[in-house]
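Try each task before you read its solution.

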Amino acid sequence: MHGEVIPTGAALGAEIKGLDLSKPLTALETDLIREAWLDHSVLLFRDQTLDDDALIEFSRRFGKLELSPASADDAAGGQVNSQPEIWIISNVVEEGQPIGALGDKEADWHTDMSYVEEPPMGSVLYSLEVPEVGGNTSFANMYKAYEQLPAVLREAARELTCHHDSSTTSVGETRVGFEGVWDVRDAPGAVHPMVRTHPETGGLALYLGRRRNSYIPGLELEDSEDLLDELWAHCTKPEFAWTHRWKKGDLVMWDNRCAIHRRDAFSPRVRRVMHRTQISGDKPR
Ligand code: OGA
Ligand code: MN
């Protein structure tokens with residue numbers, strides 16, 4: 001039995017040392033990872049050497065895989081030569097074609113694919129090439145954000161839902177096949193409870209998706225905007241967050257049900273290439 005769990009000391013996240021993820025995991029190792037994942041919401045494994053098959057095989061230990069957003073709906077991002085489960089996240093352009101999605105700009109705080117009825121429970125992101133500076137990924141603990149809301153707001157949030165816009169990516173691009181959003185009340189996407197009960201831990205977590213184009217059904221537009229601004233200002237406070245500075249060979253897996261994430265911008269002159277899988281999840285409730 002290998003695998004040592006070392007919490008980051010921040011509001012979430014832990015590193016697991018001593019596991020080679022290119023080898024099939026034993027049942028005990030898989031259990032250790034799952035338990036640590038549920039406890040810490042984000043896990044880091046350093047110095048891994050994985051091809052796409054190994055990344056897919058590792059990810060499958062934790063659930064059925066979703067097709068990548070690009071394979072599923074033909075959205076932006078080259079995806080040439082990749083398997084349908086792998087989403088390439090990269091700013092690299094080859095022969096005039098981006099090889100992946102999300103470019104080099106800042107990606108705002110978000111939950112992956114919360115705009116579908118059954119959003120993925122988690123994502124697994126593996127780094128093949130990373131810049132020396134910039135492109136860090138931060139995570140925030142939405143259990144703690146919920147717990148530490150003022151009591152009145154905490155009660156109010158439990159009665160509300162949130163509409164999650166499906167038309168726009170975390171870097172602000174309109175997905176292929178969508179028009180821009182002119183009125184957030186008419187945006188496409190799914191409605192979920194604003195506070196979800198984690199199906200495995202039973203914990204309550206604030207579930208907001210992303211700020212851009214969100215709307216709280218039943219509220220006047222202005223009230224929805226004000227409340228969303230207040231909730232976002234709260235949950236993105238540094239005390240709820242941990243930032244990961246990538247090295248090549250890092251694998252990070254996060255629980256999309258109770259953590260949000262964002263990415264810093266980086267120089268367009270440097271290369272960043274990441275491969276991602278997404279593990280199927282259930283309907284938030
Ligand atoms: C993602 C994502 C951030 C990053 O993979 O879902 O938001 O650091 N990526 O590239
Ligand atoms: Mn993301």
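**Exercise 1: Arginine 175**

Arginine 175 sits in the loop that links strand E11 (161-165) to strand E12 (189-193). Helices (H or I, at least four residues) and strands (E, at least two) are DSSP runs, numbered from the N terminus. A word on the ground rules: this is a predicted model, where local features need pLDDT of at least 70 and side-chain atom pairs count only at pLDDT 80 or more, while totals for chains, interfaces and linings use all residues. Residues are numbered from 1 along each chain as its sequence is written, chains are lettered from A and ligands numbered from 1 in the order in which they are written, and side-chain values use heavy atoms, with hydrogens and water left out.

Task: decide whether arginine 175 is buried or exposed, and find which residues it touches, not counting those up to four places away in sequence.

Solution. 
- Step 1: apply the cut-offs, where buried means under 20% relative accessible area, exposed over 50%, and partly exposed in between (1.4 Å probe, protein chains only).
- Step 2: arginine 175 has 9% relative accessibility, so it counts as buried.
- Step 3: look for contacts, meaning heavy atoms within 4.5 Å. Leaving out residues up to four places away in sequence, arginine 175 touches Tyr115, Ser166, Ser167, Thr168, Thr169 and Arg210.

**Exercise 2: The metal site**

Task: work out which residues coordinate the manganese ion (ligand 2), and how the donor residues are spaced in sequence.

Solution. 
- Step 1: collect the donors, which are N, O and S atoms within 2.8 Å of the metal (3.2 Å for Na, K and Ca); water is not among the atoms, so sites may look incomplete.
- Step 2: His110 (NE2), Asp112 (OD) and His261 (NE2) coordinate the manganese ion (ligand 2) at 2.1 Å.
- Step 3: the spacing of these donor residues reads H-x1-D-x148-H.
- Step 4: check burial. Histidine 110 is buried because its relative accessibility is 6%, and aspartate 112 is buried because its relative accessible area is 4%.

**Exercise 3: Positive phi**

Task: find where methionine 113 lies and what its phi is near, then do likewise for serine 41.

Solution. 
- Step 1: recall the background. Most residues other than glycine have a negative phi.
- Step 2: methionine 113 belongs to the loop between strand E8 (107-110) and strand E9 (122-129), and its phi is near 55°, a positive value. At 9% relative accessibility, methionine 113 is buried.
- Step 3: serine 41 occupies the loop between helix H1 (27-40) and strand E3 (42-45), with a positive phi near 70°. Its relative accessible area is 2%, so serine 41 is buried.

**Exercise 4: Leucine 21 and helix H2**

Task: identify what leucine 21 touches beyond four places in sequence, and which residues of helix H2 (residues 52-60) are buried.

Solution. 
- Step 1: leucine 21 is placed in the loop between strand E2 (14-17) and H1, and is buried because its relative accessible area is 3%.
- Step 2: not counting residues up to four places away in sequence, leucine 21 touches Phe45, Gln48, Leu50, Phe58 and Leu251.
- Step 3: in H2, the residues Asp52, Ala54, Leu55, Ile56, Phe58 and Ser59 are buried.
- Step 4: the buried residues of H2 pack against H1, E3, E9, strand E16 (251-255) and strand E18 (273-279).
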